[in-house]
Amino acid sequence: MAKKRKQSEKQQRMANARRAERKAAAKAERKKQKHKKAVIWIVVCVLIVAIVTGAITWGVKTKPLTHLFSVEKTEHYSLSASELSFYAWQIYQQYLFSASDSSTVPDTDVSLAEQYYDSDTTWEKYFADAAVDYAKRILTLCEAAYTEGFEPETDITAEAQESVSSFDSTTFPKGVEEDDVIHAMELYFTAVEFSAEMENQITLSDADLEGYYEENAQDMQVCSYICFGFAYDDSTDSYSITSETAEEDARDLRHCTTKEVFESWVTDYYKENYSSLEDEDIAEYVDSLYMENTAYIEGDSISEWAFSGDVSVGESTIITEADDDETGTILVCLLLSEPERDESYPVNLRQILFTTDTYGSTEDAQAQAESVLEAWQSGDQTEDSFANYANYYSEDTSTDGGLYENVSGSEILSDWKNWFFDDSRQTGDVTILESSYGVCIVYYVSLEETPMWEITASEALAEEYYNDQYEVYQEQADIEVSSFFQKLIKVSNA
(Lines give C-alpha, C1' and ligand atoms only; values in the text may rest on other atoms or scores of the structure.)
Protein backbone atom coordinates (compact mmCIF):
# COMPACT_ATOMS: atom_id res chain seq x y z
CA MET A 1 0.00 0.00 0.00
CA ALA A 2 1.32 3.43 -0.88
CA LYS A 3 2.35 5.54 2.08
CA LYS A 4 1.15 9.11 2.57
CA ARG A 5 4.02 11.43 1.77
CA LYS A 6 5.09 14.31 3.94
CA GLN A 7 5.11 17.81 2.56
CA SER A 8 8.06 18.06 0.17
CA GLU A 9 10.65 20.84 0.04
CA LYS A 10 9.10 21.82 -3.26
CA GLN A 11 5.67 22.17 -1.63
CA GLN A 12 7.18 24.15 1.24
CA ARG A 13 8.76 26.57 -1.22
CA MET A 14 5.42 26.95 -3.01
CA ALA A 15 3.59 27.63 0.28
CA ASN A 16 6.22 30.10 1.43
CA ALA A 17 6.16 31.86 -1.94
CA ARG A 18 2.38 32.22 -1.86
CA ARG A 19 2.42 33.56 1.69
CA ALA A 20 5.22 35.96 0.76
CA GLU A 21 3.26 37.21 -2.25
CA ARG A 22 0.16 37.80 -0.14
CA LYS A 23 2.20 39.63 2.51
CA ALA A 24 3.93 41.72 -0.14
CA ALA A 25 0.56 42.67 -1.63
CA ALA A 26 -0.76 43.57 1.82
CA LYS A 27 2.30 45.68 2.55
CA ALA A 28 1.91 47.50 -0.76
CA GLU A 29 -1.75 48.22 -0.05
CA ARG A 30 -0.97 49.62 3.40
CA LYS A 31 1.67 51.81 1.82
CA LYS A 32 -0.85 53.12 -0.63
CA GLN A 33 -3.13 53.77 2.31
CA LYS A 34 -0.11 55.00 4.41
CA HIS A 35 19.88 26.21 10.80
CA LYS A 36 19.66 24.01 10.82
CA LYS A 37 20.77 22.58 7.36
CA ALA A 38 19.88 19.10 6.38
CA VAL A 39 23.44 18.10 5.82
CA ILE A 40 22.72 14.70 4.36
CA TRP A 41 20.84 16.39 1.49
CA ILE A 42 23.64 18.94 1.12
CA VAL A 43 26.22 16.23 0.66
CA VAL A 44 24.04 14.58 -1.95
CA CYS A 45 24.00 17.88 -3.88
CA VAL A 46 27.75 18.39 -3.73
CA LEU A 47 28.58 14.83 -4.68
CA ILE A 48 26.11 14.66 -7.54
CA VAL A 49 27.71 17.77 -9.04
CA ALA A 50 30.90 15.67 -9.28
CA ILE A 51 29.26 12.89 -11.31
CA VAL A 52 30.96 12.30 -14.63
CA THR A 53 28.33 11.68 -17.32
CA GLY A 54 28.32 8.25 -18.91
CA ALA A 55 28.61 4.65 -17.87
CA ILE A 56 31.37 3.69 -15.45
CA THR A 57 33.29 0.46 -15.24
CA TRP A 58 33.29 -1.83 -12.29
CA GLY A 59 36.88 -1.57 -11.10
CA VAL A 60 36.70 -1.14 -7.35
CA LYS A 61 38.98 -3.35 -5.31
CA THR A 62 39.21 -3.39 -1.55
CA LYS A 63 42.18 -1.24 -0.57
CA PRO A 64 44.53 -1.88 2.34
CA LEU A 65 43.72 0.16 5.43
CA THR A 66 44.82 3.74 4.84
CA HIS A 67 46.78 5.27 7.71
CA LEU A 68 46.01 2.07 9.62
CA PHE A 69 42.53 3.09 10.76
CA SER A 70 39.29 1.65 9.39
CA VAL A 71 36.27 3.64 10.58
CA GLU A 72 33.58 1.86 8.56
CA LYS A 73 33.62 -1.44 6.72
CA THR A 74 31.53 -4.18 5.16
CA GLU A 75 32.63 -7.64 4.05
CA HIS A 76 34.27 -6.33 0.86
CA TYR A 77 34.87 -2.60 1.38
CA SER A 78 36.22 -0.20 3.98
CA LEU A 79 36.76 3.50 4.56
CA SER A 80 39.54 4.92 6.71
CA ALA A 81 39.57 7.99 8.91
CA SER A 82 41.39 10.01 6.24
CA GLU A 83 38.95 8.93 3.51
CA LEU A 84 36.01 9.91 5.71
CA SER A 85 37.81 13.19 6.38
CA PHE A 86 37.66 13.80 2.64
CA TYR A 87 33.88 13.22 2.64
CA ALA A 88 33.53 15.53 5.68
CA TRP A 89 35.59 18.19 3.89
CA GLN A 90 33.27 18.01 0.85
CA ILE A 91 30.19 18.43 3.04
CA TYR A 92 31.79 21.38 4.82
CA GLN A 93 32.81 23.10 1.58
CA GLN A 94 29.33 22.76 0.10
CA TYR A 95 27.80 24.03 3.32
CA LEU A 96 29.94 27.15 3.15
CA PHE A 97 28.98 27.62 -0.50
CA SER A 98 25.24 27.22 -0.09
CA ALA A 99 24.57 28.74 3.35
CA SER A 100 22.34 31.78 2.87
CA ASP A 101 22.72 33.19 6.39
CA SER A 102 26.24 34.09 7.53
CA SER A 103 25.17 33.74 11.16
CA THR A 104 24.87 29.96 10.67
CA VAL A 105 28.36 29.57 9.16
CA PRO A 106 31.37 28.75 11.35
CA ASP A 107 34.46 30.97 11.37
CA THR A 108 36.78 29.52 8.73
CA ASP A 109 39.85 30.90 10.52
CA VAL A 110 39.11 29.07 13.76
CA SER A 111 39.30 25.33 14.37
CA LEU A 112 35.87 23.70 13.95
CA ALA A 113 36.60 21.69 17.09
CA GLU A 114 36.55 24.95 19.05
CA GLN A 115 33.21 26.19 17.66
CA TYR A 116 29.76 24.88 18.47
CA TYR A 117 26.89 24.19 16.12
CA ASP A 118 24.63 23.96 19.15
CA SER A 119 25.13 23.67 22.90
CA ASP A 120 26.25 20.05 22.69
CA THR A 121 27.83 19.59 19.24
CA THR A 122 30.93 21.18 17.76
CA TRP A 123 31.02 22.01 14.08
CA GLU A 124 33.76 19.40 13.72
CA LYS A 125 31.51 16.65 15.06
CA TYR A 126 28.52 17.96 13.12
CA PHE A 127 30.24 17.52 9.75
CA ALA A 128 32.08 14.35 10.81
CA ASP A 129 28.81 12.67 11.80
CA ALA A 130 27.29 13.68 8.46
CA ALA A 131 30.25 12.08 6.68
CA VAL A 132 29.80 8.86 8.62
CA ASP A 133 26.10 8.71 7.74
CA TYR A 134 26.77 9.32 4.08
CA ALA A 135 29.61 6.80 4.03
CA LYS A 136 27.15 4.22 5.35
CA ARG A 137 24.99 4.85 2.31
CA ILE A 138 27.95 4.55 -0.04
CA LEU A 139 29.11 1.29 1.53
CA THR A 140 25.58 -0.13 1.50
CA LEU A 141 25.27 0.49 -2.24
CA CYS A 142 28.79 -0.78 -3.00
CA GLU A 143 28.18 -3.98 -1.09
CA ALA A 144 24.84 -4.44 -2.87
CA ALA A 145 26.56 -3.89 -6.23
CA TYR A 146 29.10 -6.58 -5.36
CA THR A 147 26.36 -9.00 -4.29
CA GLU A 148 24.31 -8.39 -7.43
CA GLY A 149 27.34 -8.71 -9.71
CA PHE A 150 26.85 -5.21 -11.08
CA GLU A 151 29.39 -4.49 -13.86
CA PRO A 152 29.56 -1.04 -15.49
CA GLU A 153 31.36 -0.81 -18.81
CA THR A 154 34.15 1.71 -18.20
CA ASP A 155 36.98 2.14 -15.70
CA ILE A 156 35.80 3.54 -12.37
CA THR A 157 39.37 3.96 -11.13
CA ALA A 158 40.17 6.15 -14.14
CA GLU A 159 37.09 8.25 -13.45
CA ALA A 160 38.10 8.65 -9.82
CA GLN A 161 41.64 9.64 -10.77
CA GLU A 162 40.31 12.20 -13.22
CA SER A 163 38.06 13.74 -10.56
CA VAL A 164 41.00 14.50 -8.26
CA SER A 165 41.96 17.60 -10.25
CA SER A 166 38.57 19.19 -9.52
CA PHE A 167 39.37 19.52 -5.80
CA ASP A 168 41.55 22.11 -4.07
CA SER A 169 43.91 19.82 -2.19
CA THR A 170 45.50 22.75 -0.34
CA THR A 171 42.38 22.96 1.83
CA PHE A 172 42.16 19.22 2.61
CA PRO A 173 42.26 18.20 6.27
CA LYS A 174 45.66 17.12 7.49
CA GLY A 175 46.45 13.54 6.49
CA VAL A 176 44.20 13.37 3.43
CA GLU A 177 46.31 12.27 0.47
CA GLU A 178 45.59 11.69 -3.21
CA ASP A 179 45.18 7.92 -2.74
CA ASP A 180 42.52 8.59 -0.09
CA VAL A 181 40.58 10.82 -2.46
CA ILE A 182 40.81 8.29 -5.30
CA HIS A 183 39.56 5.41 -3.17
CA ALA A 184 36.75 7.51 -1.67
CA MET A 185 35.68 8.57 -5.16
CA GLU A 186 35.89 4.99 -6.48
CA LEU A 187 33.37 3.92 -3.88
CA TYR A 188 31.27 7.00 -4.51
CA PHE A 189 31.11 6.45 -8.28
CA THR A 190 30.21 2.81 -7.73
CA ALA A 191 27.42 3.77 -5.33
CA VAL A 192 26.03 6.37 -7.72
CA GLU A 193 26.06 4.01 -10.70
CA PHE A 194 24.44 1.16 -8.80
CA SER A 195 21.84 3.54 -7.37
CA ALA A 196 20.97 4.57 -10.92
CA GLU A 197 20.71 0.91 -11.88
CA MET A 198 18.30 0.34 -8.99
CA GLU A 199 16.11 3.14 -10.32
CA ASN A 200 16.26 1.75 -13.85
CA GLN A 201 14.99 -1.60 -12.63
CA ILE A 202 11.78 -0.11 -11.26
CA THR A 203 8.80 -0.71 -13.54
CA LEU A 204 5.34 0.71 -12.93
CA SER A 205 2.07 -0.39 -14.52
CA ASP A 206 -0.99 1.72 -15.25
CA ALA A 207 -2.71 -0.12 -12.40
CA ASP A 208 0.09 0.94 -10.03
CA LEU A 209 -0.32 4.57 -11.01
CA GLU A 210 -4.10 4.51 -10.78
CA GLY A 211 -3.92 2.79 -7.41
CA TYR A 212 -1.55 5.42 -6.07
CA TYR A 213 -3.81 8.18 -7.37
CA GLU A 214 -6.86 6.71 -5.66
CA GLU A 215 -5.03 6.63 -2.32
CA ASN A 216 -3.34 10.04 -2.68
CA ALA A 217 -5.66 11.96 -5.01
CA GLN A 218 -5.24 15.27 -3.21
CA ASP A 219 -1.52 15.38 -4.05
CA MET A 220 -2.31 15.12 -7.77
CA GLN A 221 -5.30 17.42 -8.08
CA VAL A 222 -5.73 21.08 -8.97
CA CYS A 223 -8.54 23.56 -8.50
CA SER A 224 -9.18 27.23 -9.34
CA TYR A 225 -10.21 30.09 -7.09
CA ILE A 226 -10.07 33.87 -6.86
CA CYS A 227 -8.89 35.61 -3.72
CA PHE A 228 -8.64 39.23 -2.53
CA GLY A 229 -7.14 40.52 0.70
CA PHE A 230 -7.93 43.57 2.82
CA ALA A 231 -4.79 44.66 4.66
CA TYR A 232 -5.55 46.28 8.01
CA ASP A 233 -3.54 48.15 10.65
CA ASP A 234 -5.06 48.91 14.04
CA SER A 235 -1.93 50.66 15.30
CA THR A 236 -2.56 53.96 13.54
CA ASP A 237 -5.50 56.10 12.45
CA SER A 238 -3.90 57.39 9.26
CA TYR A 239 -3.30 55.85 5.84
CA SER A 240 -4.85 52.50 6.76
CA ILE A 241 -8.09 50.66 7.40
CA THR A 242 -8.92 48.98 10.68
CA SER A 243 -9.66 45.29 11.13
CA GLU A 244 -13.30 46.21 11.74
CA THR A 245 -13.54 47.99 8.38
CA ALA A 246 -11.69 45.14 6.66
CA GLU A 247 -14.18 42.64 8.08
CA GLU A 248 -17.13 44.70 6.85
CA ASP A 249 -15.66 44.95 3.35
CA ALA A 250 -14.87 41.23 3.35
CA ARG A 251 -18.44 40.31 4.25
CA ASP A 252 -19.70 42.51 1.43
CA LEU A 253 -17.31 40.98 -1.13
CA ARG A 254 -18.35 37.51 -0.04
CA HIS A 255 -21.77 38.05 -1.60
CA CYS A 256 -20.09 37.80 -5.03
CA THR A 257 -20.54 34.24 -6.27
CA THR A 258 -19.00 34.38 -9.76
CA LYS A 259 -15.57 35.35 -11.06
CA GLU A 260 -16.95 38.22 -13.12
CA VAL A 261 -18.94 39.75 -10.26
CA PHE A 262 -16.01 39.26 -7.84
CA GLU A 263 -13.60 41.04 -10.20
CA SER A 264 -16.11 43.85 -10.83
CA TRP A 265 -16.51 44.43 -7.08
CA VAL A 266 -12.73 44.63 -6.54
CA THR A 267 -12.34 46.95 -9.54
CA ASP A 268 -14.97 49.33 -8.14
CA TYR A 269 -13.35 49.10 -4.69
CA TYR A 270 -10.01 50.27 -6.07
CA LYS A 271 -11.53 53.05 -8.17
CA GLU A 272 -13.45 54.33 -5.14
CA ASN A 273 -10.60 54.12 -2.64
CA TYR A 274 -7.52 54.68 -4.82
CA SER A 275 -8.42 57.34 -7.37
CA SER A 276 -4.75 57.92 -8.19
CA LEU A 277 -4.42 54.45 -9.74
CA GLU A 278 -4.69 54.11 -13.50
CA ASP A 279 -7.40 51.81 -14.89
CA GLU A 280 -4.68 49.73 -16.55
CA ASP A 281 -2.91 49.14 -13.23
CA ILE A 282 -6.15 48.17 -11.53
CA ALA A 283 -7.04 45.73 -14.32
CA GLU A 284 -3.61 44.12 -14.13
CA TYR A 285 -3.87 43.67 -10.37
CA VAL A 286 -7.43 42.31 -10.50
CA ASP A 287 -6.33 39.82 -13.16
CA SER A 288 -3.62 38.51 -10.80
CA LEU A 289 -6.23 37.53 -8.18
CA TYR A 290 -7.33 34.54 -10.26
CA MET A 291 -5.49 31.35 -9.28
CA GLU A 292 -6.04 28.81 -12.06
CA ASN A 293 -5.29 25.08 -11.71
CA THR A 294 -3.60 25.46 -8.34
CA ALA A 295 -2.14 22.43 -6.58
CA TYR A 296 -2.74 21.46 -2.96
CA ILE A 297 -0.20 22.68 -0.41
CA GLU A 298 -0.29 21.17 3.05
CA GLY A 299 -0.65 23.81 5.76
CA ASP A 300 -1.67 26.65 3.44
CA SER A 301 -4.95 28.06 4.78
CA ILE A 302 -6.54 28.70 1.38
CA SER A 303 -5.43 25.33 0.02
CA GLU A 304 -6.77 23.45 3.04
CA TRP A 305 -10.15 25.10 2.52
CA ALA A 306 -10.31 24.61 -1.26
CA PHE A 307 -9.28 20.93 -1.10
CA SER A 308 -11.33 20.01 1.97
CA GLY A 309 -14.01 18.29 -0.10
CA ASP A 310 -16.68 20.32 1.67
CA VAL A 311 -16.74 23.27 -0.74
CA SER A 312 -18.71 23.62 -3.97
CA VAL A 313 -18.20 25.99 -6.90
CA GLY A 314 -19.60 29.43 -6.05
CA GLU A 315 -18.98 29.09 -2.32
CA SER A 316 -16.58 31.42 -0.54
CA THR A 317 -14.81 31.82 2.79
CA ILE A 318 -13.13 34.51 4.88
CA ILE A 319 -9.66 33.81 6.24
CA THR A 320 -7.70 36.08 8.58
CA GLU A 321 -3.90 36.00 8.36
CA ALA A 322 -2.58 38.07 11.26
CA ASP A 323 0.97 39.39 11.20
CA ASP A 324 0.74 40.41 14.87
CA ASP A 325 -1.89 41.75 17.30
CA GLU A 326 -2.50 44.90 15.25
CA THR A 327 -1.77 44.15 11.59
CA GLY A 328 -2.75 41.48 9.12
CA THR A 329 -4.88 40.65 6.10
CA ILE A 330 -8.46 39.44 5.80
CA LEU A 331 -8.86 37.26 2.71
CA VAL A 332 -12.01 36.51 0.76
CA CYS A 333 -11.71 33.37 -1.40
CA LEU A 334 -14.24 32.14 -3.95
CA LEU A 335 -14.00 28.59 -5.35
CA LEU A 336 -14.31 28.53 -9.16
CA SER A 337 -13.57 24.86 -9.92
CA GLU A 338 -13.50 21.85 -7.62
CA PRO A 339 -10.33 19.73 -7.25
CA GLU A 340 -9.71 17.36 -10.16
CA ARG A 341 -6.87 15.27 -11.56
CA ASP A 342 -4.02 17.43 -12.90
CA GLU A 343 -3.86 16.52 -16.58
CA SER A 344 -1.62 19.46 -17.51
CA TYR A 345 1.87 18.97 -18.98
CA PRO A 346 4.75 20.58 -17.05
CA VAL A 347 7.78 22.34 -18.50
CA ASN A 348 11.52 22.00 -17.99
CA LEU A 349 13.44 25.26 -17.66
CA ARG A 350 16.71 26.84 -16.60
CA GLN A 351 17.13 30.14 -14.80
CA ILE A 352 19.84 32.57 -13.68
CA LEU A 353 18.75 34.51 -10.59
CA PHE A 354 19.92 38.01 -9.63
CA THR A 355 18.47 38.99 -6.24
CA THR A 356 17.47 42.46 -5.15
CA ASP A 357 19.30 41.81 -1.88
CA THR A 358 22.59 41.65 -3.78
CA TYR A 359 21.98 44.39 -6.34
CA GLY A 360 19.98 46.76 -4.14
CA SER A 361 16.95 47.21 -6.38
CA THR A 362 14.92 45.54 -9.09
CA GLU A 363 16.29 48.04 -11.61
CA ASP A 364 19.92 47.19 -10.80
CA ALA A 365 19.20 43.45 -10.83
CA GLN A 366 17.49 43.92 -14.20
CA ALA A 367 20.54 45.77 -15.53
CA GLN A 368 22.85 42.96 -14.45
CA ALA A 369 20.54 40.37 -16.00
CA GLU A 370 20.53 42.27 -19.30
CA SER A 371 24.33 42.48 -19.26
CA VAL A 372 24.73 38.73 -18.66
CA LEU A 373 22.09 37.88 -21.25
CA GLU A 374 23.91 40.01 -23.82
CA ALA A 375 27.17 38.21 -23.01
CA TRP A 376 25.49 34.79 -23.42
CA GLN A 377 23.86 35.82 -26.69
CA SER A 378 27.25 36.85 -28.08
CA GLY A 379 28.34 33.19 -27.80
CA ASP A 380 26.94 29.92 -29.17
CA GLN A 381 23.58 30.36 -27.35
CA THR A 382 23.31 26.67 -26.43
CA GLU A 383 21.64 25.12 -23.41
CA ASP A 384 25.04 23.90 -22.18
CA SER A 385 26.50 27.40 -22.29
CA PHE A 386 23.42 28.76 -20.50
CA ALA A 387 23.92 26.12 -17.79
CA ASN A 388 27.54 27.22 -17.42
CA TYR A 389 26.44 30.84 -17.08
CA ALA A 390 23.88 29.76 -14.45
CA ASN A 391 26.53 27.94 -12.42
CA TYR A 392 28.74 31.03 -12.53
CA TYR A 393 26.26 33.90 -12.10
CA SER A 394 23.07 32.56 -10.52
CA GLU A 395 22.39 33.18 -6.84
CA ASP A 396 20.15 30.11 -6.80
CA THR A 397 22.62 27.48 -5.56
CA SER A 398 20.02 24.72 -5.15
CA THR A 399 20.28 23.57 -8.78
CA ASP A 400 22.89 22.41 -11.28
CA GLY A 401 22.97 24.76 -14.23
CA GLY A 402 19.79 26.44 -13.04
CA LEU A 403 17.73 23.43 -14.14
CA TYR A 404 14.15 22.94 -12.90
CA GLU A 405 12.25 19.93 -14.20
CA ASN A 406 8.53 19.13 -14.26
CA VAL A 407 7.37 22.63 -13.34
CA SER A 408 3.59 22.94 -13.50
CA GLY A 409 1.68 26.11 -14.23
CA SER A 410 0.41 26.19 -10.64
CA GLU A 411 3.94 26.58 -9.31
CA ILE A 412 4.94 29.79 -11.06
CA LEU A 413 3.82 33.40 -11.24
CA SER A 414 1.33 34.57 -13.85
CA ASP A 415 3.91 36.29 -16.04
CA TRP A 416 6.08 33.17 -16.00
CA LYS A 417 3.11 30.95 -16.75
CA ASN A 418 2.02 33.10 -19.67
CA TRP A 419 5.50 32.98 -21.18
CA PHE A 420 6.40 29.34 -20.57
CA PHE A 421 3.02 27.92 -21.57
CA ASP A 422 2.61 30.02 -24.68
CA ASP A 423 1.75 27.67 -27.58
CA SER A 424 4.44 29.32 -29.70
CA ARG A 425 7.23 28.64 -27.17
CA GLN A 426 10.20 26.70 -28.55
CA THR A 427 13.33 25.11 -27.10
CA GLY A 428 16.06 27.71 -26.74
CA ASP A 429 13.75 30.69 -26.23
CA VAL A 430 15.16 33.10 -23.62
CA THR A 431 13.77 36.13 -21.81
CA ILE A 432 14.07 38.08 -18.55
CA LEU A 433 11.31 37.79 -15.94
CA GLU A 434 10.85 39.16 -12.43
CA SER A 435 10.33 36.88 -9.44
CA SER A 436 9.64 37.37 -5.74
CA TYR A 437 13.41 37.14 -5.17
CA GLY A 438 14.63 39.47 -7.92
CA VAL A 439 15.17 39.14 -11.65
CA CYS A 440 15.78 35.97 -13.68
CA ILE A 441 17.09 35.14 -17.12
CA VAL A 442 15.01 32.11 -18.09
CA TYR A 443 15.63 29.47 -20.76
CA TYR A 444 12.86 27.27 -22.16
CA VAL A 445 14.03 23.65 -22.36
CA SER A 446 10.98 21.55 -23.24
CA LEU A 447 7.40 20.55 -22.51
CA GLU A 448 6.93 17.16 -20.89
CA GLU A 449 4.88 14.51 -22.70
CA THR A 450 3.48 13.00 -19.49
CA PRO A 451 0.69 14.68 -17.48
CA MET A 452 1.59 16.13 -14.10
CA TRP A 453 -0.47 13.70 -12.02
CA GLU A 454 1.26 10.72 -13.61
CA ILE A 455 4.72 12.23 -13.04
CA THR A 456 3.88 12.82 -9.39
CA ALA A 457 2.58 9.27 -8.92
CA SER A 458 5.55 7.73 -10.76
CA GLU A 459 8.12 9.63 -8.71
CA ALA A 460 6.41 8.81 -5.43
CA LEU A 461 6.05 5.09 -6.19
CA ALA A 462 9.59 4.85 -7.52
CA GLU A 463 10.88 6.47 -4.34
CA GLU A 464 8.92 4.02 -2.19
CA TYR A 465 10.15 0.99 -4.11
CA TYR A 466 13.72 2.29 -4.10
CA ASN A 467 13.68 2.93 -0.34
CA ASP A 468 12.20 -0.49 0.38
CA GLN A 469 14.95 -2.18 -1.63
CA TYR A 470 17.62 0.02 -0.08
CA GLU A 471 16.50 -1.02 3.41
CA VAL A 472 17.01 -4.64 2.40
CA TYR A 473 20.51 -3.89 1.08
CA GLN A 474 21.31 -1.88 4.20
CA GLU A 475 20.48 -4.82 6.44
CA GLN A 476 22.50 -7.18 4.27
CA ALA A 477 25.53 -4.85 4.25
CA ASP A 478 25.94 -5.22 8.03
CA ILE A 479 28.21 -2.17 8.28
CA GLU A 480 30.67 -2.06 11.17
CA VAL A 481 31.53 1.36 12.59
CA SER A 482 34.40 2.06 14.97
CA SER A 483 33.32 4.84 17.32
CA PHE A 484 36.89 5.09 18.58
CA PHE A 485 38.51 5.72 15.21
CA GLN A 486 35.56 7.88 14.17
CA LYS A 487 37.00 10.53 16.49
CA LEU A 488 40.00 10.85 14.17
CA ILE A 489 37.90 12.31 11.33
CA LYS A 490 38.94 15.87 10.50
CA VAL A 491 36.95 18.39 8.50
CA SER A 492 39.31 21.25 7.65
CA ASN A 493 42.95 22.25 7.96
CA ALA A 494 42.18 25.26 10.19
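**Stop one: two helices**

Start by selecting F194, S195, M198 and E199 in helix 6, which touch Y466, Q469, Y470 and Y473 in helix 16 (contact means heavy atoms within 4.5 Å). Sorted by class, this contact between helix 6 and helix 16 has 5 nonpolar, 2 polar and 1 charged residues. Here Ala, Val, Leu, Ile, Met, Phe, Trp, Tyr, Cys and Pro count as nonpolar, Asp, Glu, Lys and Arg as charged, and the others, Gly among them, as polar.

A word on the model: it is predicted, so local features need pLDDT of at least 70 and side-chain atom pairs pLDDT 80 or more, while totals for chains, interfaces and linings use all residues. Numbering runs from 1 along each chain as its sequence is written, and side-chain values use heavy atoms, leaving out hydrogens and water.

Now show the whole of helix 6 (residues 178-200) and helix 16 (residues 452-477): their axes come within 10 Å and cross at roughly 130°.

**Stop two: strand 10**

Next, pick strand 10 (residues 438-447); 8 of its 10 residues are buried, so the rest of the structure largely encloses it (buried is under 20% relative accessible area, with a 1.4 Å probe and protein chains only).

Finish at the hairpin, where 3 residues link strand 9 to strand 10.

Technical notes: Buried means under 20% relative accessible area, exposed over 50%, partly exposed in between (1.4 Å probe, protein chains only). Helices (H or I, at least four residues) and strands (E, at least two) are DSSP runs, numbered from the N terminus. Two strands pair if DSSP finds at least two bridges between them. Axes are lines fitted to C-alpha atoms, for helices over the stretch in contact, and angles run from 0 to 180 degrees between N-to-C directions.
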